[in-house]
Amino acid sequence: MSTTALAPASLADVTASNATLRRVLHGLPGVDQVGVEARAATLATRSIKTTAKQFALDLAIGMVDLTTLEGQDTPGKVRALCAKGRRPDPTDPTCPQVAAICVYGDLVPVAVDALGDSGVRVAAVATAFPSGRAPLDVKLADVRAAVEAGADEIDMVIDRGAYLAGRYLDVHDEIVATRDACGDAHLKVILETGELATYDNVRRASWLAMVAGADFVKTSTGKVSPAATLPVTLVMLEAVRDFRAQTGRQVGVKAAGGIRAAKDAVRYLVVVNETCGDDWLSAEWFRFGASSLLNDLLMQRQKLATGNYAGPDYFTLD
Amino acid sequence: MVFEYAPAPESTAIVDIAPSYGLFIGGEMVDPRDGALFKTVNPATDEVLSEVVAAGPEDVDRAVTAARDAYEHRWSRLSGRDRGKYLYRLARLVQERSRELAVLESIDNGKPIRESRDVDLPLVAAHLFYYAGWADKLGYAGFGPDPRPLGVAGQVIPWNFPLLMLAWKIAPALAAGNTVVLKPAETTPLTALAFADICRQADLPPGVVNIITGAGDTGRTLVEHPGVDKVAFTGSTEVGRQIARAVAGSRKKLTLELGGKAANIVFDDAPLDQAVEGIVNGIFFNQGHVCCAGSRLLVQESIADDLLDRLKHRLATLRLGDPLDKNTDIGAINSQAQLDKIRELSAAGEHEGAERWSPACELPERGWWFPPTVFTGVTQAHRIAREEIFGPVLSVLTFRTPAEALEKANNTPYGLSAGVWTDKGSRILWMAQRLRAGVVWANTFNRFDPTSPFGGYKESGYGREGGRHGLEAYLDVRA
């Protein structure tokens with residue numbers, strides 16, 4: 001796949017100026033809205049049953065970034081969420097734990113303490129989440145504070161205003177600065193696709209983030225509607241697939257916001273499977289940013305094991 | 001593969017296939033007078049499904065007589081509104097029984113249940129609903145204030161979309177006030193016979209729809225029958241020629257919807273991932289058993305490698321197998337004869353020097369199967385670029401300029417459909433004006449809608465089906 005030659009060595013040329021960056025982003029193949037939505041709808045008709053469903057539910061549970069991002073969050077709430085993330089189904093030790101707990105930066109120490117050496121990672125939203133409307137040094141201080149407090153992963157937001165105004169290099173430089181501030185922490189770049197509006201923008205912004213060094217591209221903050229959709233995620237998966245084909249570097253995708261049903265999660269996994277294949281089918285490369293999704297996954301998992309649905313009271317609300 | 005989809009077969013409990021069927025004449029299933037029995041098989045398993053009649057001349061005569069009687073004494077005396085009521089009733093019954101009909105279609109034809117469920121059956125109902133709406137508005141269709149029907153229509157349909165082609169034929173005929181004798185294809189009679197049951201369920205006046213099964217001989221007898229006023233045929237160009245000869249010089253009105261060798265043209269500014277989907281949908285939809293299939297991919301040289309990479313990557317994800325599995329993308333080839341033809345032309349492609357490629361793909365042991373196949377390095381002179389293969393075989397050619405694309409696209413004896421992929425609106429219009437094809441799709445392929453006329457140029461036939469234009473074929477507009 002060689003539409004735009006983007007060998008790693010030429011990345012520096014790409015970002016030499018706003019004009020060169022623009023040329024590359026606008027040289028990407030366009031996205032036909034009708035076509036991509038039809039493709040996503042077709043993939044959503046895949047029938048995932050029995051053993052395949054079992055596999056998909058467990059995989060999805062392990063990909064959840066269990067999230068609480070409310071003004072009313074307290075240490076108690078975060079500790080409860082961490083307990084849930086470590087053992088999603090207290091009655092079944094074979095149930096996998098979630099990938100990460102996602103919180104605001106000030107609650108990172110609480111999560112780090114509660115998760116200990118469980119292997120569940122701590123993700124912090126930063127850079128003046130969710131709007132991103134703050135001076136760069138404030139955003140970077142936000143990132144550093146979270147990393148110093150022990151966050152393994154940073155979920156940043158891009159400056160959508162700058163992006164929509166065509167100041168791609170500003171968006172790029174901000175991601176690079178954030179990347180530097182992250183140190184060893186993994187960087188997820190939130191595109192807020194609901195504000196980018198077109199699929200062409202989603203593809204270009206994904207490439208922009210990847211060129212700037214993102215470890216993950218993420219659909220949404222969850223604070224803007226629409227958040228993650230199947231076609232948007234499909235376009236981002238095509239972008240990471242093409243990016244690896246051209247540069248050799250693999251980037252992950254996180255679908256966040258609005259995914260509440262296990263059935264929907266399975267559809268996302270089908271799209272991952274048929275767009276990117278095996279290499280992206282693990283928590284290392286695909287995540288769900290969600291809160292209520294986990295309980296539905298657990299409920300369907302139990303139904304599959306026992307043949308019966310347990311009432312909602314049998315699943316913990318945290 | 002990490003994520004293996006478990007089998008998800010659609011249940012066959014909903015269909016009830018009788019061990020043998022008669023003919024649907026005059027509103028009831030009757031035994032043949034001079035027809036013999038033949039077997040219809042499931043192409044995915046090679047198992048016999050049922051026995052049906054190859055209607056003989058006497059049977060055909062009886063069906064045409066019943067249709068004539070119904071035309072003169074019942075159907076032509078009904079108001080348009082009352083004809084519409086019956087059509088609406090047929091449409092609703094098709095919707096109510098759509099799962100059963102979809103399963104039956106997949107069993108008899110070999111097409112994936114995903115397609116019969118999500119494409120064929122919704123379109124069948126949509127056609128019936130659409131023409132039901134026209135029945136009392138014929139005076140506003142642009143064919144004069146009170147256009148008259150033709151009489152008895154003899155209709156012969158193919159095996160690739162058995163029930164959909166039935167709806168395309170029966171809906172406008174009945175809306176316009178004609179009665180019909182319809183012959184489904186030899187290999188796929190079962191959904192037409194199920195439709196006979198729906199006609200009974202709908203209390204359609206006896207003789208308005210008659211369904212006689214059989215092979216080529218039955219079809220020939222039907223179109224040559226002097227009691228038929230109108231002949232409509234969908235199928236191969238070869239048979240279409242014979243029919244045109246047979247009705248030449250008679251008062252019979254004729255519409256033919258025949259073969260195709262459509263160009264699917266991808267320009268360098270096309271939305272590539274969607275173009276790949278369009279190519280897949282263009283040639284691998286219904287195993288390529290589609291007269292308007294995009295069997296010739298014309299791709300601009302500057303993006304040919306990139307596009308083919310993407311296409312091959314995509315083809316590796318196609319799932320071939322049990323047509324009743326809800327996750328199957330490619331089903332069975334409809335018959336041994338068709339499989340032989342696909343094999344013969346593919347061998348010719350290799351022999352003539354084109355490069356053949358298929359994804360790794362395991363074929364079931366029983367039944368008739370052919371893997372999705374792509375030929376690259378094809379030129380206009382190759383047989384696989386000129387002859388209709390009617391199977392999951394794509395011929396890839398390249399071009400350098402829009403004019404060259406147009407020239408190659410039009411350089412075929414056929415002219416049924418074409419596809420154009422580009423982000424440039426003006427180029428779509430420029431191409432569409434110049435492509436000699438009945439349907440031109442822009443940034444999509446194989447999309448059908450009852451409101452849109454469908455039909456060919458040149459050896460792809462004449463007359464239009466669908467839309468307001470589709471009514472003309474069943475109305476007396478000669479005056």
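**Close-up views of the predicted model**

**View 1. Helix 3 of chain B is largely enclosed by the rest of the structure, because nine of its twelve residues are buried.** The model is predicted. The buried residues are Leu101(B), Ala102(B), Val103(B), Leu104(B), Glu105(B), Ser106(B), Ile107(B), Asp108(B) and Asn109(B). They pack against two strands of chain B, strand 3 (36-42) and strand 4 (47-54). Their helical neighbours in chain B are helix 2 (80-96), helix 4 (113-134), helix 5 (162-176) and helix 6 (190-201).

**View 2. The length of helix 3 (residues 98-109) of chain B agrees with expectation.** At 1.5 Å a residue, its twelve residues should span 16 Å. The end C-alpha atoms are 16 Å apart. Gly110(B) follows the helix, with a positive phi near 95°.

**View 3. Chain A and chain B meet in a contact of 27 residues from chain A and 25 residues from chain B.** On the chain A side, helix 3 (33-43), helix 4 (50-62) and helix 13 (262-275) each supply at least two residues. Helix 4 of chain A gives the largest share, five residues. By class, this side has eleven nonpolar, nine polar and seven charged residues.

**View 4. Seven strands of chain B form an open sheet with mixed pairing.** The strand order is 13-14-15-12-11-16-17. Strand 13 (355-357) and strand 17 (439-442) are the edges, each pairing on one side only. Neighbouring strands are turned by 20° against each other on average, direction ignored. Helix 11 (residues 336-351) of chain B packs on the sheet, touching strand 13, strand 14 (373-376) and strand 15 (393-399). Its direction makes about 130° with that of strand 13.

**View 5. Strand 11 (residues 263-266) and strand 12 (residues 296-300) of chain B run parallel.** Four bridges join them. Val266(B) has Val299(B) of strand 12 as its bridge partner.

Key: Residues are numbered from 1 along each chain as its sequence is written. Chains are lettered from A and ligands numbered from 1 in the order in which they are written. This is a predicted model: local features need pLDDT of at least 70, side-chain atom pairs count only at pLDDT 80 or more; totals for chains, interfaces and linings use all residues. The expected span of a helix is 1.5 Å times one less than its number of residues. A residue is buried if 20 or more other C-beta atoms lie within 10 Å of its own, exposed if 12 or fewer, and partly exposed in between; C-beta atoms are placed from the backbone. Two residues are in contact if their C-beta atoms, placed from the backbone, lie within 7 Å. Ala, Val, Leu, Ile, Met, Phe, Trp, Tyr, Cys and Pro count as nonpolar, Asp, Glu, Lys and Arg as charged, and the others, Gly among them, as polar. Two strands pair if DSSP finds at least two bridges between them. Axes are lines fitted to C-alpha atoms, for helices over the stretch in contact, and angles run from 0 to 180 degrees between N-to-C directions.
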